[in-house]
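The following exercises concern a single protein model.

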Amino acid sequence: MSFAVSPDAYDRFMGRYSVPLAVQFVDFAGVGRADRVLDVGSGPGALTGELVRRVGAAQVVAVDPAVAFVKAIRQRHGGVEAHCATAEELPVGDDSFDVVLAQLVVHFMTDPVGGLREMARASTHVVAACVWDYDEGGSPLSHFWSVACELDPDAPGEQTRAGTRRGHLTTLFNEAGLDDVEETSLRVEVTHDSFDDWWEPFELGVGPAGAYVAVLSADHRDRLRQRFRNVMSPPFIVTGVAWAARGRVKP
């Protein structure tokens, strides 16, 4: 897996799905106009931008372990305080935020329960997280991994990662000590007008899928690309379903 990529590369690969997802996720989290919010694992700012639109830059803090993404947050969203750090070691005080959110992050945490406990430590009210549904094939990357595994049974996939199956986020939230945990699914649809619009971002080295494509031989990569081209006739719609959970911090 690699997130040592440019913010623009990440935007082209995942931003096309995470930007519309952020709108629904913020609604589900129940962010209010007066809330102070923390975006954990912000990337270059898909969720951050939506939070800024809802509550204003001065009320938003973003944290990400990638230096390039933190720089992008500062450049794109002036007034947002941004820090380079992991979810498991948040550089913020106890009870500093009303709502703490993590979009498409829990499955990349080294210690998911520990990361959620840190998020709870920083919140006075609500912790919320969402992760793509890989277990039931709802992720916008599920089709990619399905075909990749047909050609290569050793292709890693992402279905075993934390939070990617129904109910697992709820389990993790409960283990982290959160109360009144609720889970739902969020759905986005993105139209791709050309095959290359969909495929080329996979060659940018972003995330597990990009890292997998990057180490394929040229012949294997060409066969994989052609397999997709044979069955995907543009324009086509890619659907993404994410599991989302929210819980209340114990008083």
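**Exercise 1.** Classify D27 as buried, partly exposed or exposed, and determine which residue forms a salt bridge with D27.

*Solution.* In this predicted model, the relative accessible area of D27 is 48%. Buried requires a value under 20% and exposed a value over 50%, so D27 is partly exposed. Its salt-bridge partner is R54, with the closest N and O atoms 2.9 Å apart. D27 belongs to helix α1 and R54 to helix α2 (residues 46-55), so the bridge ties together parts that are 27 residues apart in sequence. R54 is likewise assigned to the partly exposed class, at 22% relative accessibility.

**Exercise 2.** Which side chain meets that of R54 in a salt bridge at 2.6 Å, N to O?

*Solution.* The side chain is that of E50. R54 and E50 are 4 residues apart in helix α2, so about one helical turn separates them. E50 is buried, its relative accessible area being 7%.

**Exercise 3.** Where in the chain do the partners of the salt bridge between R227 and E150 lie, and how is each classed by accessibility?

*Solution.* The closest N and O atoms of R227 and E150 are 3.0 Å apart. R227 is in helix α9 and E150 in helix α5, so the pair links distant parts of the chain, 77 residues apart. R227 is partly exposed at 33% relative accessible area, whereas E150 is exposed at 53%. Elsewhere, salt bridges with shared partners join D27, E50, R53 and R54 into one network. A search of the whole structure gives 16 salt bridges.

**Exercise 4.** Describe the surroundings of A176.

*Solution.* A176 is located in the loop between α6 (168-175) and β6 (179-192). With a relative accessible area of 11%, A176 is buried. Leaving aside residues up to four places away in sequence, A176 touches V113, L116 and R117.

**Exercise 5.** What radius of gyration would a compact globule of 251 residues have, and what does the protein have?

*Solution.* A compact globule would have a value near 18 Å; the protein has 18 Å, which agrees. Its C-alpha trace spans about 55 × 35 × 30 Å along the principal axes. Buried residues account for 55% of the 251 residues.

Terms used
Residues are numbered from 1 along each chain as its sequence is written. This is a predicted model: local features need pLDDT of at least 70, side-chain atom pairs count only at pLDDT 80 or more; totals for chains, interfaces and linings use all residues. Side-chain values use heavy atoms; hydrogens and water are left out. Helices (H or I, at least four residues) and strands (E, at least two) are DSSP runs, numbered from the N terminus. Buried means under 20% relative accessible area, exposed over 50%, partly exposed in between (1.4 Å probe, protein chains only). Contact means heavy atoms within 4.5 Å. The radius of gyration is taken over C-alpha atoms; the globule rule is 2.2 Å times the number of residues to the power 0.38. A salt bridge is a side-chain nitrogen of Lys or Arg within 4 Å of a carboxyl oxygen of Asp or Glu.
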